[in-house]
Every structure is written in structure tokens, then in C-alpha cells.
Amino acid sequence: MLRRTAALQLVGPVALVLVAAVIGSTVSRSTEIYFINALVAVSIVVALYVFVGNSGVLSFGHVSFVAVGAWAAGVLSVPTDEKPATMQYLFGFLRDTTVGNVPSLLIAAATGAVFAAIVGLALMRLSGLAAGIATFAVLEITSNVLRYYEKIGPGFNTFSSVPETTDVVQATVGALVVITLAFAYQRSRFGRQLRAAREDPPAARAVGISIYRQRLGAFTLSGALAGLAGGLYVHLLPLNVDSVYLDLTFITLAMLVIGGMTSLWGAVVGALAVSGLDSVLAEAENGLGVAGGTVDLPAGTRIVVVGALMAVVLVVRPGGLTGGRELDLGRLLGRGGGG
């Protein structure tokens with residue numbers, strides 16, 4: 001019975017992603033990009049949820065793992081004969097190596113995991129504000145290393161010649177893989193122990209739970225999933241350092257907070273809902289035709305609106321749109337049958 005209930009909790013996020021994918025595959029190419037971007041955002045936000053939602057420790061640096069994943073997949077996907085044009089200072093093994101789409105995504109996930117594990121060895125001893133500031137410092141360091149150290153990437157330049165393989169199908173498969181792994185983790189013994197430590201650290205320590213080890217494990221898994229999302233991202237759009245920096249950090253945190261920080265269902269709902277709103281506002285900033293007229297919003301409006309929405313949610317409904325709870329289809333179906 002418990003396994004059936006758990007399986008039903010996975011149905012909601014999976015169904016929502018599949019609905020977005022089906023709609024995205026039926027629209028025009030210009031609109032399809034927004035749906036693909038939303039599906040990639042699901043992967044990033046769910047990766048963030050794996051650590052933040054289960055541990056209760058806020059991280060401002062998870063986009064670092066998205067960035068290193070994007071850099072690993074991007075550098076290794078560019079054909080060797082085209083690398084000297086934009087990446088002439090690469091290390092020899094990077095300059096002379098090119099891999100296919102799927103291997104590049106696996107390498108991106110592995111890079112994110114290794115980087116998160118190394119960073120987490122020190123950071124997972126911190127909690128509260130200190131942890132948030134430390135993760136933000138990691139984001140700053142990562143961004144500047146990628147920006148100025150041209151032996152590992154294009155530096156200031158935008159990635160070019162990266163195969164654009166992230167279509168609706170690949171973005172959907174990536175999102176489903178990330179959601180399934182996140183769900184498996186939260187249902188595992190390790191996920192339950194970490195949530196117990198989140199709710200009552202002294203009691204968790206009293207029964208022998210190592211909060212440090214549980215946080216480090218979640219941080220590493222979260223880094224792997226974020227690295228995979230970064231690989232999907234670089235195969236979707238031409239990226240530069242600014243593409244995986246403060247704006248992406250803000251918008252993904254807003255998605256998680258608005259949807260519901262402590263549930264997988266909330267992470268998926270928030271990612272898709274805010275992505276839809278962000279896409280509409282981005283169009284409106286460039287002039288959006290509505291009812292025979294044109295809506296032309298000032299540049300930066302979308303960030304202001306999303307920020308205001310996040311503030312309202314925190315004040316009115318701190319648990320987010322989903323209340324921080326999973327979608328319990330078993331209970332809903334039971335009520336429907338009783339009615």
C-alpha cells in the first residue's frame with residue numbers, strides 16, 4: 001500500500017512534464033523554444049530541490065554546477081577543427097577531444113557531481129546564513145574562473161558550434177530522469193534521514209544520523225543533476241558566462257520558492273508556472289500583440305514581476321503554491337470514489 005501511494009506521488013510531476021512536452025511539440029518553432037527552456041528549467045529546479053528541499057539549507061550557488069556542466073558538455077561537443085576559432089588556449093586534451101551528445105551529458109553530470117563533492121566537503125559543515133553566503137561565494141569564484149581562465153573554455157566569448165541537440169524529446173527525457181532520481185532519493189533511507197535532520201537536528205543526532213554525511217550526499221547528487229541540466233542547457237542555446245550567473249540563480253530560486261520549496265511536486269509546478277510567466281513577459285518586453293493592440297513593457301519587467309510574485313508568496317503562502325506538499329493522487333482518487 002505504501003509503495004502504491006509513493007508511486008502515485010510520482011505520477012503528478014511526470015504527467016505535468018509530459019503535458020508540457022506534448023503542447024510544446026504542437027506549437028510553432030519560435031514558441032517551442034519556450035517550452036524546451038521550461039523543461040530544462042524543471043531539471044535545474046528539481047536538482048536544486050534535492051538539496052535545499054530535503055536539507056532545509058538554502059543554497060545560492062547551485063548554478064555553479066549548472067555552469068561547470070554546461071562548460072564540460074560544451075567544450076567537449078565542439079568539433080576539434082572548430083575549437084581554435086573561439087577556444088585557442090584550451091588544454092591539449094580538451095582541444096583534441098570531441099564526444100557525442102549523450103556522452104557529453106554524462107560527463108556534464110559527472111563534472112557537476114565531482115565539483116559539488118569537493119566544495120561540499122567544507123561547506124556542508126555550515127548551516128543557515130553562513131551556508132547561504134558560502135555557496136554564493138562558490139558561485140562568484142566559479143563564474144570568474146570560467147570567465148577569465150581560457151584553458152577550459154571560451155572565456156568571455158559565447159559558445160559556438162555546440163550541436164543544438166536539446167529538442168522537446170531530449171529536454172523531456174532529461175527532466176523525467178532528474179525527477180525520477182530526485183523521487184527515488186527522497187523515498188530512500190538517506191532522504192528520510194536528511195529530512196529528519198531538517199526537522200529536528202538534535203533528535204537526528206541522538207539516533208545516530210550524521211547530518212554532515214547526509215547533507216554531503218544530497219549536495220553531491222544535486223550537483224550531478226544540476227550538471228546534467230547544464231549539459232542540456234548548452235545544447236539548447238549559445239551560452240556565455242552571464243547566462244549561468246545571477247539571473248539564472250534568481251529565477252530558479254524564485255521557481256522553487258513559488259512552487260513550494262519542500263516538495264518535488266512544488267519544484268515542478270514552480271518551474272513550469274514561472275517559466276510560462278517569464279516567457280510571456282519576455283515577449284511583452286519586445287512587443288506582444290494582444291487583442292489588436294501591442295503590449296510593450298520596459299526591459300527588466302519580467303525580473304521585477306517574478307521578484308514581486310516571490311515576495312507575495314512568501315508573505316501570503318510561505319509553503320508556496322503547493323503548500324510544500326506532494327500531490328496525493330491516492331487521496332484524491334479515494335475522495336472521488338467516495339463521492
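**Entry 1. Asp242 and its partner**

I began with Asp242, which is partly exposed because its relative accessible area is 46%. The model I am reading is a predicted one. I then looked up the partner of Asp242 and found that its side chain meets that of Arg147 in a salt bridge, at 3.1 Å from N to O. I noted where the two residues sit: Arg147 belongs to helix H7, while Asp242 is in the loop between H11 and helix H12 (246–259). The pair links distant parts of the chain, 95 residues apart. I checked the accessibility of Arg147 as well; the value is 15%, so Arg147 counts as buried.

**Entry 2. Other salt bridges**

How many salt bridges does a search of the whole structure find? I recorded 5. One of them joins the side chains of Arg29 and Glu32, at 2.6 Å from N to O. I noted that these two residues are 3 apart in helix H2, which means that about one helical turn separates them. Glu32 has a relative accessible area of 16% and is therefore buried.

I also looked up Arg95 and Asp96, whose side chains meet in a salt bridge at 3.4 Å, N to O. Asp96 reaches 54% relative accessibility; because exposed means over 50%, Asp96 counts as exposed.

**Entry 3. Aromatic pairs**

I turned next to the aromatic rings. I note for my own use that a pair of aromatic rings is described by the distance of the centres and the angle of the planes. The count comes to 7 aromatic pairs. I examined Phe51 and Phe219: the ring centres are 5.0 Å apart and the planes stand at 75 degrees, so the pair is edge-to-face. Phe51 lies in helix H2 (residues 29–55) and Phe219 in helix H11 (residues 211–234), so this pair ties together parts that are 168 residues apart in sequence.

Phe65 lies in helix H3 (residues 63–77) and Phe219 in helix H11, so the pair ties together parts that are 154 residues apart in sequence. I confirmed that Phe65 is buried, as Phe219 is. Which residues make up the aromatic cluster? I listed Phe51, Phe65, Phe115 and Phe219 as one cluster.

**Entry 4. Ala113**

I located Ala113 in helix H6 (residues 101–123). With a relative accessible area of 18%, Ala113 is buried, because the cut-off for that class is under 20%. Leaving aside neighbours within four places in sequence, I found Ala113 in contact with Thr220, Gly223 and Ala224. I also looked up Leu225: its C-alpha atom is separated from that of Ala113 by 7.8 Å, although the two residues are 112 apart along the chain.

**Entry 5. The loop between H7 and H8**

Thr166 has its place in the loop between H7 and H8, and a relative accessible area of 4% makes Thr166 buried. I found a polar contact of 3.3 Å between the side chains of Thr166 and Gln170. Not counting residues up to four places away in sequence, Thr166 touches Ile36, Val40, Ala171, Leu232, His235 and Leu236.

Ser161 lies in the loop between H7 and H8. I noted a positive phi of about 70 degrees for Ser161, although this residue is not a glycine. The relative accessible area of Ser161 is 34%, so I classed Ser161 as partly exposed.

Tyr149 is placed in the loop between helix H7 (128–148) and helix H8 (168–187). I recorded Tyr149 as partly exposed, at 39% relative accessibility.

**Entry 6. A nonpolar patch**

Which residues form the nonpolar patch on the surface? I listed Phe91, Phe93, Ile141, Val145 and Tyr149. Together they have about 490 Å² of accessible area.

How values were computed:
Residues are numbered from 1 along each chain as its sequence is written. This is a predicted model: local features need pLDDT of at least 70, side-chain atom pairs count only at pLDDT 80 or more; totals for chains, interfaces and linings use all residues. Side-chain values use heavy atoms; hydrogens and water are left out. Patches are made of residues with over 30% relative accessible area and no salt bridge: like charges are joined within 9 Å, nonpolar side chains (Val, Leu, Ile, Met, Phe, Trp, Tyr) within 5 Å. Accessible areas come from the Shrake-Rupley method with a 1.4 Å probe; for residues, only the protein chains shown count as cover. A salt bridge is a side-chain nitrogen of Lys or Arg within 4 Å of a carboxyl oxygen of Asp or Glu. Helices (H or I, at least four residues) and strands (E, at least two) are DSSP runs, numbered from the N terminus. Buried means under 20% relative accessible area, exposed over 50%, partly exposed in between (1.4 Å probe, protein chains only). A polar contact is a pair of N or O atoms within 3.5 Å; within protein, one must be able to donate a hydrogen and the other to accept it, and residues adjacent in sequence count only if both atoms are side-chain atoms. Contact means heavy atoms within 4.5 Å. Rings of Phe, Tyr and Trp (its six-membered ring) pair if their centres lie within 6.5 Å; planes under 30 degrees apart count as stacked, over 60 as edge-to-face and the rest as tilted.
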